[in-house]
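Colleague: I have not looked at this one before. Can you take me through it?

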Number of protein chains: 2
Amino acid sequence: MPAVNGYAVQDPASPLAPFNFERREPGALDVQIDIMYCGVCHSDIHQARNEWGGSIYPMVPGHEIIGRVTKVGAEVTAFKIGELAGVGCFVDSCRTCASCLANEEQYCDTGMVGTYNGREKDGSPTYGGYSTQIVVDEKYVLHVSEKLQIEGVAPLLCAGITTYSPLRHWNIGKGHKVAIVGLGGLGHMGVKFAASFGADVTVLSTSKTKEQDALNLGAHHFAVTTDAAKMKSLAGKFDFILSTISAQHDYNQYLNLLSLNGTMVVVGVPPQPSAVQAFSLIGKRRSIAGSLIGGIKETQEMLDYCAAHNIVSDVEVIKAADINKAYERMLKGDVRYRFVIDIASLR
Amino acid sequence: MPAVNGYAVQDPASPLAPFNFERREPGALDVQIDIMYCGVCHSDIHQARNEWGGSIYPMVPGHEIIGRVTKVGAEVTAFKIGELAGVGCFVDSCRTCASCLANEEQYCDTGMVGTYNGREKDGSPTYGGYSTQIVVDEKYVLHVSEKLQIEGVAPLLCAGITTYSPLRHWNIGKGHKVAIVGLGGLGHMGVKFAASFGADVTVLSTSKTKEQDALNLGAHHFAVTTDAAKMKSLAGKFDFILSTISAQHDYNQYLNLLSLNGTMVVVGVPPQPSAVQAFSLIGKRRSIAGSLIGGIKETQEMLDYCAAHNIVSDVEVIKAADINKAYERMLKGDVRYRFVIDIASLR
């Protein structure tokens, strides 16, 4: 079985440390990928530290994976050795439920198999992209264009699709006034996509220092959420709000910025439930909804869209040995806008 | 000015008592209506007791009004003396904002003028339907068919449109699995409309004693919300949930009953905000939305639909002098399903 170098946590309290393990030999339908870059998602920290409960250790995080195909199973038809390939947040699903049949495997009735911190159908744990190699069924592998700067493509596999999917599902485009709440790994992709789709984009952030960045990323307006007068002036102004923040926050503050029939979609998961005042919803027939990454088909569509429109994530490339420092900086919001591990540093 | 007999509260703590006042002489565009029946809505209690704040006293509640036209202004074209007419929750709005222009006056940017506990544009207080007569601009008056039992039509003006409007807005009909939460004044109308539109309807109620009523009203299934095993078996089963309850309740318990892309619409306003767990929304791309009564155009459409399909509210007709007793019974849920005041008892 192929030997793999990686970084893992052994328990919720310990830092990430080098970890050697084996991957399965590629089966008939498997694609073996030498990983080149892996993005670092905030959910890696949540799961490494067992903040959502149920974590499986040792854990090799990482679900924003880009690499090259090094081997394919006998029955693989979609990938050839040498091609660029991507792996996102899941590597399998039941394939038979209504969600799977509708190409929405992320909503699989029996639960998708996470790229890490999950279990394959045979019960073996899945290990993610903080590692030199991965083996995945071809149905769950994405095609990646050679045109883009690939370290910037890695975060598209989670941060990209997480923001692309709701903007598409709610048909956001020209004529819509959109607010993106939070300018981090998810938020900066939300700005790029919403602007690319033709919407009028406002970034709402707690940090005034992000204003110039927001405009550079394609936003048309910027507001600091602690500026009560400014926030009051924005009441009822947005058709759609994409909230990307995982910190505890008051949903009502944002719901009141929606116009008649407006929708706020949350893609971040605050640690505690947030209170919703029924009047905030009823007063203008507003909605609050959630959205979870995207299916394989839509993720491919998103990657193709990015290749056609030259969209990548803004990244800071790090060595694997710097991952613990990177986690600390992420917790302080000190990254513009995604850390990506150069997996060559693991070889 | 026409002298009117009514029932009013003078402050949040006192019971309703007889109150005589004057209405304006009908202006050029006004319709004067002799009230025959007025429904008793739970929001009458909330406002009489100042539970939402800002109540104006003396207050004559009542916004489910049916009567006959007794006088029309010189420029009135839509109504003739002797016709049946209805008045719902509002009697004016700004008429110029986007919502008003879209026939959604209930979402008027500057606020609709409530039928009671509101202020006309000249600042004078509005008095509602617990009274012998009302004068309203013809644009805010509804046509009522002679075909239906009119005491059962009165509650359509609030309980009816409050449930009809969201079912229509979210295009509920054949092939949809719908849950109606709570079987009171609103809920029993929700069941009638959802069933009439062709949906498969389940009533979720805290009270097992309402099962037979639910089925008689047109529901296909019934579940007691305190039956944990039953509720678990309903997880992910509904496309649409209409929550009609104003008591404090856990939104997540109901959100988890929604299928992929399902929507829960709340039309009741619990006294405190309710906590929403982001995972409840994200896990199946669910939405929670609010809806507020309906515009004049849609209210007329609803009344016409009811006349065509022989739909009325199930009511218990009371004398005006029994109104305080009725409030007490409503607070105990002891009414099937709407009290309606016979205004003849006030003459």
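Modeller: Keep in mind that this is a predicted model. We can start with A:Val267, which sits in the loop between E14 and E15 of chain A.

Colleague: Is A:Val267 buried or exposed?

Modeller: A:Val267 is buried, because its relative accessible area is 11%, and the cut-off for buried is under 20%.

Colleague: What is A:Val267 in contact with, leaving aside its neighbours within four places in sequence?

Modeller: Its partners in chain A are A:Thr162, A:Pro166, A:Leu186, A:Leu242, A:Ser243, A:Thr244 and A:Ser291. From the other chain, B:Ile282 is also in contact with A:Val267.

Colleague: And how far apart are A:Val267 and A:Ala278?

Modeller: They are eleven residues apart in sequence, and their C-alpha atoms are 21 Å apart in space.

Colleague: You mentioned a residue of chain B. How can chain A be laid on chain B?

Modeller: A turn of 180° with a shift of 0.0 Å along the axis does it, and the RMSD is 0.0 Å. The two copies are therefore related as by a two-fold rotation axis.

Colleague: Which residue of chain A comes closest to the rotation axis?

Modeller: That is A:Ala275, with its C-alpha at 2.0 Å from the axis. The same surface serves both copies, as 100% of the contact residues of chain A recur in chain B.

Colleague: How many residues does the contact take from each chain?

Modeller: Chain A gives 36 residues and chain B gives 36 residues. The area buried between the two chains is about 2,900 Å², and carbon and sulfur atoms give 62% of that area.

Colleague: Which three residues supply more of the area that chain A buries than any other three?

Modeller: A:Tyr107, A:Ile282 and A:Arg285, which supply 25% of the area that chain A buries against chain B.

Colleague: What about charges? How many salt bridges are there across the interface?

Modeller: Four salt bridges are found between chain A and chain B. In one salt bridge, the side chain of A:Lys284 meets that of B:Asp109, at 2.8 Å from N to O.

Colleague: Now away from the interface. How many salt bridges does the structure hold over all chains?

Modeller: The number is 34. In chain A, a network of salt bridges links A:Asp92, A:Arg95, A:Lys121 and A:Asp137.

Colleague: What does B:Arg68 form a salt bridge with?

Modeller: With B:Glu146, where the closest N and O atoms are 2.9 Å apart. B:Arg68 is in strand E4 and B:Glu146 in the loop between strand E9 (142–143) and helix H3 (150–153), so parts that are 78 residues apart in sequence are tied together. B:Arg68 counts as partly exposed at 29%, while B:Glu146 is exposed at 52%.

Colleague: Last one. Where is B:Gln47 found?

Modeller: B:Gln47 is in helix H1 (residues 42–48) of chain B. It counts as buried, at 13% relative accessibility. The side chain of B:Gln47 is joined to that of B:Asn117 by a polar contact of 2.9 Å. Not counting residues up to four places away in sequence, B:Gln47 also touches B:Trp52, B:Ser55, B:Tyr57, B:Met59 and B:Tyr116.

Methods. Residues numbered from 1 in each chain as written. Chains lettered and ligands numbered in written order. Predicted model: local features only at pLDDT ≥ 70, side-chain atom pairs only at ≥ 80, totals over all residues. Heavy atoms only, no water. Least-squares fit on C-alpha atoms with pLDDT ≥ 70 in both. Contact = heavy atoms within 4.5 Å. Helix = DSSP H or I, 4+ residues; strand = E, 2+ residues; numbered from the N terminus. Buried < 20%, exposed > 50% of the residue type's maximum accessible area, 1.4 Å probe, protein only. Polar contact = N/O pair within 3.5 Å; in protein donor to acceptor, adjacent residues only side chain to side chain. Buried area = accessible area lost by both parts, 1.4 Å probe.
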